[in-house]
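Look at the structure below and follow the text from one part to the next. The account begins inside a single chain and then turns to how the chains are arranged.

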Amino acid sequence: MADSRFFVKSKDFSLRELAELTGSELGTGAAPERVLSDVAPLDVAGPNDLSFLDNVKYKDQFLTTRAGACFVHPSVAELAPQGVCLLLNAHPYKAYAVAAQAFYPDIKPKGKVSAQAHIDPSAIVGAECIIGPGVVIGAGAEIGEKSWIEANSVIGEYVRIGAHVRIGSNATLSHCHIGDYTRLYPGVRVGQDGFGFAIDPKGHVKVPQLGRVIIEDHVEIGANTTIDRGAGPDTVIGQGTWIDNLVQIGHNVQIGQGCVIVAQVGISGSSVIEDFVAIGGQAGITGHLHIGSGARIAAQSGVMRNVPAGEEYMGSPAMPIRETMKQVALLKRLTKKNKG
Amino acid sequence: MADSRFFVKSKDFSLRELAELTGSELGTGAAPERVLSDVAPLDVAGPNDLSFLDNVKYKDQFLTTRAGACFVHPSVAELAPQGVCLLLNAHPYKAYAVAAQAFYPDIKPKGKVSAQAHIDPSAIVGAECIIGPGVVIGAGAEIGEKSWIEANSVIGEYVRIGAHVRIGSNATLSHCHIGDYTRLYPGVRVGQDGFGFAIDPKGHVKVPQLGRVIIEDHVEIGANTTIDRGAGPDTVIGQGTWIDNLVQIGHNVQIGQGCVIVAQVGISGSSVIEDFVAIGGQAGITGHLHIGSGARIAAQSGVMRNVPAGEEYMGSPAMPIRETMKQVALLKRLTKKNKG
Amino acid sequence: MADSRFFVKSKDFSLRELAELTGSELGTGAAPERVLSDVAPLDVAGPNDLSFLDNVKYKDQFLTTRAGACFVHPSVAELAPQGVCLLLNAHPYKAYAVAAQAFYPDIKPKGKVSAQAHIDPSAIVGAECIIGPGVVIGAGAEIGEKSWIEANSVIGEYVRIGAHVRIGSNATLSHCHIGDYTRLYPGVRVGQDGFGFAIDPKGHVKVPQLGRVIIEDHVEIGANTTIDRGAGPDTVIGQGTWIDNLVQIGHNVQIGQGCVIVAQVGISGSSVIEDFVAIGGQAGITGHLHIGSGARIAAQSGVMRNVPAGEEYMGSPAMPIRETMKQVALLKRLTKKNKG
């Protein structure tokens, strides 16, 4: 399925291998030696392809899929069309993710430092790094081994980048430490001055931004996202957090581990986001707030008060989702009654 | 009017030429041989300038304009101040666009590949291309003839770019095909991994993103906009669609032809936008939705359900615009009654 | 406090020096010769550190701070814990800003034009400029003295940049004039075509964008922000205005002086923002509007009508903030009464 100009497949896998790899159980009648040669979405998969059903929106595609095998939750096993081998798993999307990684492992070119990169003699570049053409690395910067910095990115003075990191093209980093296995997409800006100044009619007075950005291990930061450095404290992005494209993170913000922050979210200065928080697209978090662990903020919400751990908020201004839903329903009823 | 350091005028035009060029009719008393030497907005235009009235907000400027000639809709012809020659057209803004293109045609420098570009020997660069300094073109990439890639942009391996394409500076492309006459503005990111992973408390599991981005002919993509490649299917932008700055397009999104997508819109993964849809600024479309042909989504809307063809939606959550307007009006009435 | 790899301290300061520098008065018992050696936030400051209390949210930190000295408003002086020397000032945050600038003055590397920059022979680069590697400067461009253009930025033909300007890495400028002491952050795009076209089912017709972008003195523009050039008139950003990250400014927009525009705001084409307007994050301003001097627009507002000078607006659609607040409160009451 995947365009072989862009993606290189490793090998075929038997159902037995896939079940072992993903901790899945084979469904009734699925022959362990049956071989799958690729992955594909339900609607285009053929008899040699492995697919998955996760989102109920796609149940109709499941009912008519021609896929050779499919990861599914045990509860929907009985709906499977004839001839589709089932790989039963409580987390079918995660199982698919693991299998797809096996079919298409992340391939990194061989370590090579481009002769067209501009690396300060005092910078340290680890073993087996890939440094693209046009990359600029400032004085005293340190890049861990096997990291990959793509073309035309700019790494500021004294920046520290861990091992196995990948920095996309045309990105800019300064005043920051980047953990191992972290990945920044093209056009990311990390470490520039936060939006800090004292308002004054004769000309706003800049407050020196004296903190850094600390990005921990296994973090992903989407394209053109901007993360300002702290004003005094550091701005921190915790381990394993995933941030989408065009997100704005203000100075001093602290984000815990395992969070999911969808595209175009804005988090204002000095707010604290605890672990495993999920924030929907285009939501905004005002400054100096505290969002408790495991909280969920719906898309486009405008959060103006602290959110307790585990709560789900929605709306602008954001409220507990049940209240927001009640208001939406009430307004609809009232409008009907009043005939507008 | 236009700063001649930045813009080069072609020549003067007579009213006759302008009428022919744009399919307009000359108003009463407009001498076909009258010559106009430039274009200008209503409020600053002088006797040698050509202007236009399209938005009723600017009617007052029309009433007092000193422009030599003006494209107008026939219905406002009688309001014209004395001495302004009229070019009557049912679509005055489009007529102006065509005329302005004639006065200021898009000028491209002569084809030249910079000695400071880094082009893989296996890449194919078509005839008369302009490749700026610092541009990086990966192995196996193909650039069609007369295309223009501005400074410091990065074109990934095996990317295919059509003919007459213009890619602005500092842009990044990978895993994509770009159609003819398409234009990407500076800082655009196309083809990076979509935001795809299975959530897991021990560390989210990445789902390999095995699709591409297909951008068809005559498309415009604004500055710093991000378009993720598909997870399995491709992300597709249809022919003649215009996308503004800082827009986010998620993986697997399919956008039809002739759409207009204003700045800072976000479209979540796997949504389908049919032809000629218009989406106002900062609106968000949830994932896995279907927006019918010709639908119009107001600015800042939050679309959480499918929108039928031709409908106009507004609000967050978005509803048919009449319902939203009723709710806005009702709330205003109720607040007055309750005296807050 | 500040990481000495990234920030260089100038020297220690006595309370007397700090009071003079900032126009503050020493609190009771504060010895003028007491020396402070650094600045730090209230919660981590030690006996040698200078701090400040501005936002009441941080009053608790003030009550227990171990800071050696602290800028405070006279009205909270009596709350100070024992041992903290007070610097009394009606504008404590501004006083802190000035003091912090003295401790950590902006240090610029010595003027140097990189041999890896690509500068057209007809461009003029002023004395003592710093031009980073990979920078591209087009024909006829002019850069004033002591300006700093960081790596891989692209300055288009005939662009004029003033003196003491700093342009961050990977930025793109065309069709613009930039005033003195102005600063653009990494990834900023200035001067690209505005989103101007006549809609047509056979293919939208581009309207040539014949204006420029004029950015006056002492302006700050945040990372990845996009500012389109005018369609005919210029797009103008007034003196001393601060713009945050990921902001979109449409063509022909005129912004006055001293404005504050927070991250992810979008301002549509041809709107006029007068002096000292403040616009909260993610707010949107429709096109062709007039926002009066000193107006304040709350975060996430959707402004669809003119806003009179000095007014505060909120909501989407935006209304005077008192009305919006009443509606929010009314809805809450009604929902309780109706038990949803």
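**From sheet to assembly**

In this predicted model, chain B contains an open sheet of 5 strands, in the order E2-E7-E6-E5-E4, with mixed pairing. The edges are taken by strand E2 (25-26) and strand E4 (38-39) of chain B. Each of these two has a single partner strand, so one side of each is left without a neighbour in the sheet.

Further in, strand E6 (residues 69-72) and strand E7 (residues 85-88) of chain B run parallel to each other and pair over 4 bridges. For an example of such pairing, take B:Cys70: its bridge partner in E7(B) is B:Leu86. A helix also packs on the sheet: helix H1 (residues 15-22) of chain B touches E2, strand E5 (49-52), E6 and E7 of chain B. The direction of H1(B) makes about 15 degrees with that of E7(B).

Next come the relations between the chains. Two copies of a chain are related by a rotation about an axis and a shift along it. Chain B can be laid on chain C by a turn of 120 degrees and a shift of 0.0 Å along the axis, with an RMSD of 0.0 Å. The two copies are therefore related as by a three-fold rotation axis. Chain B is likewise superposed on chain A by a rotation of 120 degrees with 0.0 Å of shift along its axis, again at an RMSD of 0.0 Å.

Where chain B meets chain C, 56 residues of chain B are in contact with 47 residues of chain C. On the chain B side, the elements that give two or more residues are helix H3 (92-103) and helix H4 (321-338). The largest share, 7 residues, comes from H3(B). By type, the residues on this side of chain B divide into 26 nonpolar, 24 polar and 6 charged.

Why do the copies B and C meet through different surfaces? Only 12% of the interface residues of chain B are also interface residues in chain C, so the surfaces through which the copies meet are different. For chains B and A the figure is 15%, and so these copies also meet through different surfaces.

Finally, consider helix H3 (residues 92-103) in chain A. This helix has 12 residues and spans 16 Å from its first C-alpha to its last, close to the 16 Å expected at 1.5 Å a residue. H3(A) is mostly covered, with 9 of its 12 residues buried. Among the buried residues are A:Pro92, A:Lys94, A:Tyr96 and A:Phe103.

Definitions and conventions. Residues are numbered from 1 along each chain as its sequence is written. Chains are lettered from A and ligands numbered from 1 in the order in which they are written. This is a predicted model: local features need pLDDT of at least 70, side-chain atom pairs count only at pLDDT 80 or more; totals for chains, interfaces and linings use all residues. Two residues are in contact if their C-beta atoms, placed from the backbone, lie within 7 Å. Ala, Val, Leu, Ile, Met, Phe, Trp, Tyr, Cys and Pro count as nonpolar, Asp, Glu, Lys and Arg as charged, and the others, Gly among them, as polar. Copies are superposed by least squares on the C-alpha atoms of residues with pLDDT of at least 70 in both. Two strands pair if DSSP finds at least two bridges between them. Axes are lines fitted to C-alpha atoms, for helices over the stretch in contact, and angles run from 0 to 180 degrees between N-to-C directions. The expected span of a helix is 1.5 Å times one less than its number of residues. A residue is buried if 20 or more other C-beta atoms lie within 10 Å of its own, exposed if 12 or fewer, and partly exposed in between; C-beta atoms are placed from the backbone.
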